[in-house]
Amino acid sequence: MSFRRERFVPRGGPDGGNGGKGGDTILVTTEGLSTLLDLRYQQHYWAENGALGRGKNQQGKSGEDLIIPVPLGTVVKDRETGEVLEDLTAAGDRFLAAKGGRGGRGNASFATSTRQAPRFAQPGEKGEQRRLQLELKLLADVGIVGHPNVGKSTLLGRVSAARPKVADYPFTTLVPYLGVVSYGELKTFVMADIPGLVAGAHRGTGLGTRFLRHIERTLLLVHLVDISADPQRDPWLHYQEINEELGAFHPTLLEKPQMAVLNKIDLPAVREKVPQVRDTFRHHGVDLYAISAVTGEGVDEVVREIGHRWERLRGTSHE
Ligand SMILES: Nc1nc2c(ncn2[C@@H]2O[C@H](COP(=O)(O)OP(=O)(O)OP(=O)(O)O)[C@@H](O)[C@H]2O)c(=O)[nH]1
Ligand SMILES: [Mg+2]
């Protein structure tokens with residue numbers, strides 16, 4: 001509350017300005033972050049207060065919003081009830097964690113023709129306070145795609161602590177599994193085992209496409225090939241069948257870099273075909289890696305290569 005007081009100006013009238021609004025506290029996903037560690041060190045956050053209004057009709061400055069960067073995949077829960085309030089998956093996703101209080105109103109704003117000298121003002125509101133629990137869910141960096149039964153789950157189980165069910169029939173895996181894969185020294189990426197794809201999958205046959213959005217964010221696809229069921233079949237056509245499904249589901253999936261990997265080379269019928277299959281793929285400009293997910297042959301080399309490629313892709317995607 002303030003009144004204008006100046007020499008030679010009798011009854012200067014009310015001139016108390018409004019107070020500024022308090023800042024909001026906002027969580028925003030940032031691609032450069034991969035953990036919630038910063039929030040472990042600092043657990044309490046306050047956005048700036050709004051400034052007081054002053055005489056001479058001076059408005060108080062609004063408080064700055066406080067932006068708290070969080071990694072992609074952050075799930076925001078109510079600390080008390082455990083209710084999921086938000087799932088921040090895309091870069092730039094925001095969550096208003098606590099709203100700043102409204103600013104007060106100075107007495108000048110209450111002046112009317114019949115009440116020319118209000119002797120009151122309205123105080124500002126308190127800002128919101130909330131207790132939240134943040135969890136980081138894994139998001140896949142690399143996806144394994146391929147026909148049913150080619151050994152996707154066997155491979156993921158071999159290179160990570162994930163334990164998807166493995167069995168000798170198609171569509172064993174019904175939901176995606178994620179595993180953390182180590183390569184090099186202390187380096188890791190997250191790999192997802194996506195349920196098998198079949199021709200017509202994008203129209204709803206099979207299971208795979210329900211889960212393809214799990215690989216929309218991956219930077220690299222490991223395309224697993226298996227010729228053991230029918231060694232006479234053209235492996236390149238077989239390979240293309242999956243790519244057509246990926247493209248039909250979402251053209252951007254086809255633009256993702258792929259690594260073609262032939263599995264089950266421990267089986268003699270497969271091993272003897274390796275040079276021939278490799279030639280066929282090379283003819284189409286694709287390098288083919290060969291592994292046995294069961295014995296582990298060739299797996300370390302492929303994992304290292306996946307890691308290095310993923311690292312390079314991640315480097316360029318951040319520029
Ligand atoms: N001989 C041999 N068999 C393998 C190899 N990798 C996987 N298999 C077998 O192939 C079958 C299918 O393996 P999974 O890992 O369940 O295959 P998947 O691609 O996950 O199958 P879906 O989840 O049904 O799409 C199982 O019987 C495995 O033991 C391998 O390198 N060599
Ligand atoms: Mg499986």
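Visitor: What makes the approach of S292 to ligand 1 a polar contact?
Guide: A polar side-chain atom of S292 lies 3.3 Å from an oxygen atom of ligand 1. A polar contact is a pair of N or O atoms within 3.5 Å; within protein, one must be able to donate a hydrogen and the other to accept it, and residues adjacent in sequence count only if both atoms are side-chain atoms. The value of 3.3 Å is within the limit, so the pair qualifies. This is a predicted model, in which local features need pLDDT of at least 70 and side-chain atom pairs pLDDT 80 or more, while totals for chains, interfaces and linings use all residues. Residues are numbered from 1 along each chain as its sequence is written, chains are lettered from A and ligands numbered from 1 in the order written, and side-chain values use heavy atoms, without hydrogens and water.

Visitor: Which atoms of T154 and A167 lie by an oxygen atom of ligand 1?
Guide: For T154, a side-chain N or O atom is 2.5 Å from a ligand oxygen. For A167, a backbone N or O atom is 3.3 Å from one. The protein covers 89% of the 650 Å² of accessible area that ligand 1 has on its own, areas being from the Shrake-Rupley method with a 1.4 Å probe.

Visitor: Which residues come nearest to ligand 1?
Guide: Of the 23 residues around the ligand, K152, T154, F171, T172 and D266 do. To be near, a residue must have a heavy atom within 4 Å of the molecule. By class, the shell has 10 nonpolar, 9 polar and 4 charged residues.

Visitor: Why is H223 called buried?
Guide: H223 has a relative accessible area of 1%. Buried means under 20%, exposed over 50%, and partly exposed in between (1.4 Å probe, protein chains only), so H223 is buried. The residue lies in strand 10 (residues 220-225), and its side chain makes a polar contact of 3.1 Å with that of Q258.

Visitor: What makes helix 2 largely enclosed by the rest of the structure?
Guide: In helix 2 (residues 152-159), 6 of the 8 residues are buried, so the helix is largely enclosed. They are K152, S153, L155, L156, G157 and V159. Helices are DSSP runs of H or I with at least four residues, and strands are runs of E with at least two, numbered from the N terminus.

Visitor: How do you know that strand 3 and strand 6 pair?
Guide: Pairing requires that DSSP find at least two bridges between two strands. Strand 3 (residues 74-78) and strand 6 have 5, in the antiparallel sense, so they pair.

Visitor: What is the strand order of the open sheet of 6 strands?
Guide: The order is 8-9-7-10-11-12, with mixed pairing. Strand 8 (177-183) and strand 12 (288-290) stand at the edges. Strand 8 pairs antiparallel with strand 9 (residues 187-193) over 7 bridges, and L178 is opposite A192.

Key. Nonpolar A, V, L, I, M, F, W, Y, C, P; charged D, E, K, R; others polar.
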